[in-house]
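Keep the sequence and the structure open while reading.

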Amino acid sequence: IGDGPEEKKLKDLAKKLEIENMVEFVGRKENAWEYMKEFDIFVLPSYGEGVPRVLLEAGAMKKPLITTNVAGCREAVEDGVNGLLVEPKNAKDLAEKMEVLIKDKDLREKMGKASREKVEREFDEREIVRKYIEEYKI
């Protein structure tokens, strides 16, 4: 879901690996949650960004998360609790972590529940605004 500068490269790779019938590139969608609700695992291998809203959205939907151990992403994932962190630009690490969750439904469900709890506890907009107001009081 989405688009970006790597899209063509990813499509070419899917074709080269002969998995294009197993991967669907749907482009940018306003209703991405309709796709996301069908996911068993949410994976975002990013090189770095602020806290990605999409990780919070997936967490709110009780999805176990796999993302890169970079600033922003790691704030949304407590490694081993609500998801798994992978080293940036390490496809082997990413594949191994995906395999762990693919093979363990109970762990996926446990981490998905923990994702929802973390989002509610740490990323509720009302709580964030309250913290900003408290921080900037003089």
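The expected span of a helix is 1.5 Å times one less than its number of residues. Helices (H or I, at least four residues) and strands (E, at least two) are DSSP runs, numbered from the N terminus. Helix α7 has 12 residues, and 17 Å separate its first C-alpha from its last. That is close to the 16 Å expected at 1.5 Å a residue.

**Basis of the model**

This is a predicted model, in which local features need pLDDT of at least 70 and side-chain atom pairs count only at pLDDT 80 or more, while totals for chains, interfaces and linings use all residues. Residues are numbered from 1 along each chain as its sequence is written, and side-chain values use heavy atoms, with hydrogens and water left out.

The pLDDT is the predictor's confidence in each residue, from 0 to 100. Its average over the protein is 92, and 99% of the residues score at least 70. Among the elements, strand β3 (residues 83-86) has the highest mean pLDDT, 98. Helix α7 (residues 125-136) has the lowest, 85.

**Overall layout**

The protein has 7 helices and 3 strands. From the N terminus on, the order is α-α-β-α-β-α-β-α-α-α. The C-alpha trace spans about 60 × 35 × 30 Å along its principal axes.

Accessible areas come from the Shrake-Rupley method with a 1.4 Å probe; for residues, only the protein chains shown count as cover. The accessible surface of the protein is about 9900 Å². Carbon and sulfur atoms hold 52% of that surface.

Residues are called buried under 20% relative accessible area, exposed over 50%, and partly exposed in between (1.4 Å probe, protein chains only). Of the 138 residues, 30% count as buried. A contact means heavy atoms within 4.5 Å. Take the contacts between residues at least 6 apart in sequence: 46% of these join residues at least 24 apart.

How many of the 12 residues of α7 are buried? The number is 0, so α7 lies largely in the open.

Helix α6 (residues 105-122) has 18 residues and should span 26 Å at 1.5 Å a residue. Its end C-alpha atoms are 25 Å apart, which agrees. The buried residues of α6 are Arg-108, Met-111, Gly-112, Ala-114, Ser-115, Lys-118 and Val-119. They pack against α3 (53-60), β2, α4, β3 and α5.

**Salt bridges**

Side chains of opposite charge can pair when their charged atoms come close. Here a salt bridge is a side-chain nitrogen of Lys or Arg within 4 Å of a carboxyl oxygen of Asp or Glu. The whole structure holds 15 salt bridges.

| Salt bridge | N to O distance |
|---|---|
| Lys-103 and Glu-99 | 2.8 Å |
| Glu-109 and Lys-105 | 3.8 Å |
| Glu-122 and Lys-118 | 2.9 Å |

Lys-103 and Glu-99 are 4 residues apart in helix α5 (residues 91-103), so about one helical turn separates them. Lys-103 is exposed at 65% relative accessibility. Glu-99 is partly exposed at 40%.

Glu-109 and Lys-105 are also 4 residues apart, in helix α6, which again makes about one helical turn. Glu-109 is partly exposed at 47%, and Lys-105 is exposed at 51%.

Glu-122 and Lys-118 both lie in helix α6, 4 residues apart, about one turn of the helix. Is Lys-118 buried or exposed? Lys-118 counts as buried, at 7% relative accessibility. Glu-122 is partly exposed at 31%. Salt bridges that share partners join Lys-118, Arg-121 and Glu-122 into one network.

**A glycine in a loop**

Gly-72 lies in the loop between β2 (65-68) and α4 (73-76). At 6% relative accessibility, Gly-72 counts as buried. Leaving out residues up to four places away in sequence, Gly-72 touches Glu-49, Gly-50, Val-51 and Pro-52. From Gly-72 to Lys-11 is 61 residues in sequence and 27 Å in space, C-alpha to C-alpha.

**A nonpolar surface patch**

Patches are made of residues with over 30% relative accessible area and no salt bridge; like charges are joined within 9 Å, nonpolar side chains (Val, Leu, Ile, Met, Phe, Trp, Tyr) within 5 Å. Leu-10, Leu-13, Leu-17, Met-22, Val-23 and Phe-25 form a nonpolar patch on the surface. Together they have about 550 Å² of accessible area. Leu-13 sits in helix α1 (residues 7-16) and is partly exposed at 41% relative accessibility.
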